[in-house]
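Q: I have a structure open and would like to go through it piece by piece. Can you take my questions as they come?

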2 protein chains.
Amino acid sequence: MKKKFLYVELADNISEKIKAAVFKPGDKLPSIRSLSLENGISINTAKRIYLELESLSLVHAKAQSGYYVSPQNPHKLPLPESSRPLAIAEHIEPNEIIDKVYSSMGRKDLTLFSFGVPAGNLLPIAKLKKEIVLATRTLGEGGTTYESIAGNSKLRRMIAARSLGWGGNLNENDLITTHGCMHAIALCLMALTKPGYTIGLESPCYPGILQLALSLGLKVLEISTHPETGIDLEALKNVIPKIDICLLVPNYNTPIGYCMPDANKKEVVSLLSTHHIPLIEDDTYGDLHFGEVRPKCCKSFDLDGNVLWCSSISKTLAPGYRVGWISPGKYKEQILKLKLVHTLSSSTIIHEAVGNFLMSGRYDQHLRKLRKTLKENYHNYVQIIANDFPEGTKVSRPQGGLTLWIEFPKQMDTIKLYNYAMKNSISIAPGRMFSLQHQYQHCMRLCFALSWDKEISLHLKHLGKLAKTLL
Amino acid sequence: MKKKFLYVELADNISEKIKAAVFKPGDKLPSIRSLSLENGISINTAKRIYLELESLSLVHAKAQSGYYVSPQNPHKLPLPESSRPLAIAEHIEPNEIIDKVYSSMGRKDLTLFSFGVPAGNLLPIAKLKKEIVLATRTLGEGGTTYESIAGNSKLRRMIAARSLGWGGNLNENDLITTHGCMHAIALCLMALTKPGYTIGLESPCYPGILQLALSLGLKVLEISTHPETGIDLEALKNVIPKIDICLLVPNYNTPIGYCMPDANKKEVVSLLSTHHIPLIEDDTYGDLHFGEVRPKCCKSFDLDGNVLWCSSISKTLAPGYRVGWISPGKYKEQILKLKLVHTLSSSTIIHEAVGNFLMSGRYDQHLRKLRKTLKENYHNYVQIIANDFPEGTKVSRPQGGLTLWIEFPKQMDTIKLYNYAMKNSISIAPGRMFSLQHQYQHCMRLCFALSWDKEISLHLKHLGKLAKTLL
């Protein structure tokens with residue numbers, strides 16, 4: 001067995017003491033200096049231990065004072081159950097509720113817990129604007145010309161450079177830009193499927209992916225998924241003979257927010273490769289890790305180019321810019337040709353501006369800030385859910401991303417809750433949206449990427465109160 | 001029979017005299033004043049007559065001097081023949097030559113007669129830049145948010161307003177924006193076809209459309225087309241039982257540049273509607289008319305919403321912006337849903353900027369200038385083709401758009417000519433690219449939307465010389 005780093009061991013040790021209530025919520029923890037002296041470790045290592053614990057939501061820092069055990073330990077709330085969709089590809093589309101929920105997009109008069117997008121004031125808008133202005137000035141012919149089919153080369157180079165951080169080791173030529181991640185996934189599915197093919201997906205699943213699959217005439221097989229570790233490997237093995245392609249969101253999948261362990265990622269990649277089933281990996285949320293370390297991707301373990309890694313800046317920088325990409329592995333030629341015939345090229349100015357923004361080094365700085373806010377928001381949500389939501393409410397433990405998944409007692413109907421909440425200017429995403437089977441009627445997704453304030457907090461409490469009246 | 005306007009009658013009269021060599025190239029024509037006095041018409045009507053004749057390339061103005069018969073009357077060069085593709089849907093893709101030609105995209109060291117895009121210095125780049133900067137400033141949250149699924153409402157309103165000019169009578173809600181016209185067409189085809197369906201197309205046809213159709217698993221039926229009036233109605237009637245969908249480019253189709261007469265447009269629309277065959281109309285070039293009047297579209301005659309009218313600003317304002325749209329008639333719901341699941345929305349900033357540009361009224365001003373340049377360029381090309389190209393060369397008579405179609409004597413091989421020309425830093429589009437059948441080996445498309453100068457003129461002459469060596 002691999003030896004653990006000293007700082008991981010020490011962090012585990014403190015973590016266990018917190019879980020066993022040796023350290024209680026609100027307790028002050030040893031100072032960094034004393035941790036360093038007592039364990040013979042450097043100040044930096046001691047700091048790292050607390051950062052690690054902070055990323056697990058166990059402790060928090062108070063300015064000029066030190067670290068404290070977090071007042072509300074989210075791990076007290078039970079986890080939702082593993083999903084258990086039927087192993088069939090029969091579809092009952094939740095179109096009506098999806099249309100209802102999506103029709104509120106952009107409404108300023110509602111508290112939109114329903115969409116998985118970051119609030120505008122969490123984004124580096126002023127800096128992005130500057131990059132756009134600069135791009136119109138520096139691009140030849142003001143950016144009116146077509147860019148190359150593969151896409152802006154600065155942008156591709158920067159994405160490739162960042163891939164070193166998660167073991168991707170891509171280079172510029174491994175990448176093709178797209179109009180956002182859904183466009184990337186659409187190109188992959190168009191290139192590799194025909195109507196009648198069966199796609200394997202996690203359950204619950206982002207409704208956009210379900211609808212895209214159906215629009216291409218695919219059959220959808222929803223696969224049992226664990227709320228902390230993602231798709232169930234045994235369940236996946238069982239359906240291998242039935243599926244032609246597989247699409248996973250291993251890092252901070254919306255709605256649940258799990259992170260598939262490296263060992264599982266590796267096994268999934270090898271399994272699908274052995275059976276010649278292409279794997280589309282949606283890594284849109286991978287940069288939104290609460291912990292210190294950016295998680296690996298399935299692509300990190302891709303030996304034969306069978307993984308098509310897709311991502312975008314839509315959840316981290318600017319949803320409305322429409323900037324995404326694919327690293328299509330051995331399917332590059334097909335994808336490139338499809339992009340050419342379907343949309344020709346991407347928006348020259350916008351993609352140049354984002355390429356420059358990434359080059360400026362400001363992206364990491366922004367991500368650190370964004371991740372901190374998201375993690376804090378998540379803790380705020382969990383505290384209110386623990387105090388104000390109905391007895392028996394279960395909640396996922398996202399390790400990153402923008403959303404959490406709530407499981408109410410079985411008798412709840414979240415479509416009813418949605419209708420109630422809308423009358424109170426609150427929008428949620430009912431669980432039924434996330435499946436093509438009759439499931440998740442008692443679940444819902446909440447986005448915690450809103451800008452946290454008194455009003456959001458009151459609306460969240462009020463949502464809990466409304467839920468109670470329905471049980 | 002409808003009575004002709006007086007000015008049309010007089011213009012016809014002068015036109016016939018020019019064709020009959022009563023007025024010879026170089027002759028000075030009656031002054032506007034004398035035309036007015038002699039015929040008892042207003043000065044404005046007299047001016048309109050010469051503008052009409054100018055749009056037909058028969059006369060040209062000299063500053064402070066008056067109107068002259070054009071030195072080279074392009075109508076002396078014979079027209080290419082009507083196309084006669086086989087009435088089968090068997091495909092032999094010209095992939096190799098397409099890949100070769102497209103690989104030169106954006107090269108500054110070549111004279112690119114091969115692409116149908118306007119040169120950068122024909123575009124209002126400074127004004128567009130200003131609109132982009134303004135959009136980043138005025139849009140909420142700097143344009144980082146998703147726009148509505150149907151697209152920017154200013155842009156849609158302006159396109160709707162412009163539709164009055166060609167009898168479209170659209171309103172904002174009849175329109176959905178896209179990432180360019182190819183994206184618009186792709187959405188239409190995805191919404192309305194399944195693999196194995198047969199699509200009817202003009203022949204020769206833009207290669208992007210042929211490749212898109214194949215990528216969606218469609219069978220392509222190329223239909224006989226006349227170089228001045230477009231698709232042959234009898235040929236279309238004959239294949240009606242074989243086709244499931246039809247796509248036409250009735251206004252200034254690339255490569256040929258014809259304009260389908262209104263009566264034909266009307267008949268095609270009615271014919272296809274009767275047989276429940278949806279008509280996708282690509283009107284990308286409709287604003288690039290050489291004559292005074294913007295031509296009508298098939299959509300102008302659409303009574304039951306069976307025409308899906310697609311267009312973009314890629315040939316008039318900014319290819320690299322990726323701004324297009326569809327007026328999908330009765331197929332709106334399907335198209336909207338497909339756009340949502342495939343790309344979600346368009347680029348917020350860019351579409352807002354183009355909407356504002358259209359609202360500023362600068363678009364018409366720019367179009368007038370662009371059309372004048374294109375028409376002058378076309379005349380310059382025809383003059384050189386008449387003088388320097390091989391005996392027996394035929395050339396199309398575009399009434400607008402960006403390209404013309406050249407038919408050499410049968411023994412010419414334009415793929416050979418392409419290879420020769422490339423060694424001389426000249427790129428052309430060989431005819432074989434424009435069909436999935438073995439046709440047009442002796443044809444080629446030339447773009448006349450380059451910026452006309454001494455070098456272009458020399459390269460065009462040189463191309464003629466190279467062609468002569470191959471016969």
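This is a predicted model: local features need pLDDT of at least 70, side-chain atom pairs count only at pLDDT 80 or more; totals for chains, interfaces and linings use all residues.

Q: How many bridges pair E13(A) with E14?

A: 2 bridges, in the antiparallel sense, with E14 of chain A covering residues 403-407. Within that pairing, Lys394(A) stands opposite Glu407(A) in E14(A).

Q: OK, the other sheet in chain A. What is the order of its 7 strands?

A: The order is E4-E12-E11-E10-E9-E5-E6, again for chain A; the sheet is open and its pairing is mixed. At the edges are strand E4 (176-178) and strand E6 (219-223) of chain A, and since each has a single partner strand, one side of each is left without a neighbour in the sheet. From one strand to the next the twist averages 20°.

Q: How do E5 and E6(A) run, parallel or antiparallel?

A: Parallel, with 5 bridges joining E6(A) to strand E5 of chain A, residues 198-202. Gly200(A) is opposite Leu221(A) of E6(A).

Q: Which strands does helix H11 of chain A lie across?

A: Helix H11 (residues 332-343) of chain A lies across E4, strand E11 (307-312) and strand E12 (324-327) of that chain. Relative to E4(A), the helix runs at about 40°.

Q: Switching to backbone geometry. Where is the cis peptide bond in chain A?

A: From Thr254(A) to Pro255(A), with omega near 15°. Pro255(A) sits in the loop between strand E9 (245-248) and helix H10 (262-274) of chain A.

Q: And which residues does a cis bond join in chain B?

A: Thr254(B) and Pro255(B), with omega about 15°. The loop holding Pro255(B) lies between strand E9 (245-248) and helix H10 (262-274) of chain B.

Q: What about the phi of Glu141(A)?

A: Positive, about 55°, although Glu141(A) is not a glycine. Its loop runs between helix H5 (125-138) and helix H6 (153-163) of chain A. For background, most residues other than glycine have a negative phi, and most peptide bonds are trans.

Q: Now the interface. How many residues of chain B are in contact with chain A?

A: 54 residues of chain B, in contact with 54 residues of chain A. The two chains bury about 4100 Å² between them, and 66% of that is on carbon and sulfur atoms.

Q: How many salt bridges across it?

A: The rule finds 2 between chain B and chain A. One of them links Lys337(B) and Glu93(A), where the closest N and O atoms are 3.6 Å apart. As for polar contacts, 13 residue pairs are counted between chain B and chain A, both residues being at pLDDT 80 or more.

Q: Which helices supply the chain B side?

A: Helix H5 (125-138), helix H7 (181-192), helix H8 (207-215), helix H11 (332-343) and helix H12 (348-359) of chain B each supply at least two residues to the side touching chain A. H5(B) gives the largest share, 7 residues.

Q: What's the make-up of that side by class?

A: The side of chain B that touches chain A has 25 nonpolar, 20 polar and 9 charged residues.

Conventions:
Residues are numbered from 1 along each chain as its sequence is written. Chains are lettered from A and ligands numbered from 1 in the order in which they are written. Side-chain values use heavy atoms; hydrogens and water are left out. Two strands pair if DSSP finds at least two bridges between them. Helices (H or I, at least four residues) and strands (E, at least two) are DSSP runs, numbered from the N terminus. Axes are lines fitted to C-alpha atoms, for helices over the stretch in contact, and angles run from 0 to 180 degrees between N-to-C directions. Contact means heavy atoms within 4.5 Å. Buried area is the accessible area (1.4 Å probe) that two parts lose on being put together, summed over both. A salt bridge is a side-chain nitrogen of Lys or Arg within 4 Å of a carboxyl oxygen of Asp or Glu. A polar contact is a pair of N or O atoms within 3.5 Å; within protein, one must be able to donate a hydrogen and the other to accept it, and residues adjacent in sequence count only if both atoms are side-chain atoms. Ala, Val, Leu, Ile, Met, Phe, Trp, Tyr, Cys and Pro count as nonpolar, Asp, Glu, Lys and Arg as charged, and the others, Gly among them, as polar.
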